[in-house]
Amino acid sequence: MRPAALDWSVENCTIARAMEILGERWTVVVLREVFSGVRRFDDMRVRTGVPRQVLTNRLAMLVERGVLRREPYREPGSRERHEYRLTEMGLDLWPVLVAVLGWGDRYLADPQGAPLTVTHRDCGAEVRVALRCAEGHELTEPRDVLPRPGPGARRRD
C-alpha cells in the first residue's frame with residue numbers, strides 16, 4: 001500500500017526550516033541556558049563548556065534568525081557588553097524544549113534522575129507538554145494524530 005504522504009511535496013516543510021535553526025546540539029544548549037536565566041556570554045561559556053567560537057556563532061545565528069535579541073549592559077568600570085534575551089519567537093520555543101526535556105528524562109536520565117526539572121511557578125507541580133486538537137481533546141497516542149497536507153502543500157507531479 002502506497003502512503004498518501006508521497007502524493008505531496010515536503011520541499012517547503014516548516015519542520016525542516018525549524019531544524020535549520022535548532023538542529024545543532026549547542027544551539028539547544030544555548031537556548032536551555034537563556035531560558036534558565038543565563039544571558040551573558042561568559043556565563044554561558046563557563047557553565048556549558050561550549051567552545052568560544054561555537055558559542056559566538058550560535059548566538060549570532062540566533063540573533064540573526066530572530067530567536068534572541070542583544071541587550072547592552074555595562075558593569076561599573078567596564079566596557080559595554082551584551083546579554084541575550086528571548087524574542088517572542090524564542091519564547092515560543094519553550095514548549096519544544098520542555099518536550100525534549102521530558103523525552104530525555106524518560107529515556108536518557110541517569111539512574112538517580114534528571115538534573116533539571118521545570119515546575120509551575122504558582123503551585124510547584126511538574127510541567128509537561130500535552131497535545132490537544134483545536135477542539136480541546138487531549139491526544140495521548142501517536143496514532144491519534146494524522147499528518148495531512150496543509151494550505152501551503154504542493155502536489156507532486
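Buried means under 20% relative accessible area, and exposed means over 50%, with partly exposed in between. Keep these cut-offs at hand for the tour. The model on your screen is a predicted one.

**Stop 1: helix H3**

Select residues 41–48, which form helix H3. Which residues of H3 are buried? They are Phe 41, Met 44 and Thr 48. Turn the view until you look down the axis of H3: the buried residues fall within an arc of 65 degrees, so they line one face of the helix. Now colour Val 46 and Arg 47, which sit on the other side of H3 and are exposed.

Next, show what the buried residues of H3 pack against. There are three elements to select: helix H2 (25–35), helix H4 (52–64) and strand S3 (80–86). Then step just past the end of H3 to Gly 49, where phi is positive, at about 75 degrees.

**Stop 2**

**Stop 2: Glu 83 and Arg 40**

Move along strand S3 to Glu 83. The side chain of Glu 83 meets that of Arg 40 in a salt bridge, at 3.3 Å from N to O. Arg 40 is in the loop between H2 and H3, and the pair links distant parts of the chain, 43 residues apart. Glu 83 has a relative accessible area of 11%, which is under 20%, so Glu 83 is buried. Arg 40 is partly exposed, at 26%.

**Stop 3: Arg 128 and Glu 126**

Go to Arg 128 and show Glu 126 with it. The two form a salt bridge in which the closest N and O atoms are 3.9 Å apart. Arg 128 is exposed, with a relative accessible area of 66%, while Glu 126 counts as partly exposed at 49%. How many salt bridges does the model have? The count comes to 11.

**Stop 4: Thr 27 in helix H2**

Return to helix H2 and select Thr 27. Its relative accessibility is 1%, so Thr 27 counts as buried. What does Thr 27 touch, leaving out residues up to four places away in sequence? The list is Ile 21, Leu 22, Arg 58, Met 61 and Leu 62.

**Stop 5: Thr 14 in helix H1**

Select residues 14–22, helix H1, and pick out Thr 14. At 58% relative accessibility, Thr 14 counts as exposed. Draw a distance from the C-alpha atom of Thr 14 to that of Arg 58: the two are separated by 20 Å and lie 44 residues apart along the chain.

**Stop 6: the annotated region**

Finally, select residues 13–112. An unreviewed UniProt entry places the feature "domain: HTH hxlR-type" here. Over this range the chain is 60% helix and 14% strand.

How values were computed:
Residues numbered from 1 in each chain as written. Predicted model: local features only at pLDDT ≥ 70, side-chain atom pairs only at ≥ 80, totals over all residues. Heavy atoms only, no water. Buried < 20%, exposed > 50% of the residue type's maximum accessible area, 1.4 Å probe, protein only. Helix = DSSP H or I, 4+ residues; strand = E, 2+ residues; numbered from the N terminus. Arc of directions from axis to C-beta. Contact = heavy atoms within 4.5 Å. Salt bridge = Lys/Arg side-chain N within 4 Å of Asp/Glu carboxyl O. UniProt positions renumbered as here; feature names shortened; annotations may be inferred.
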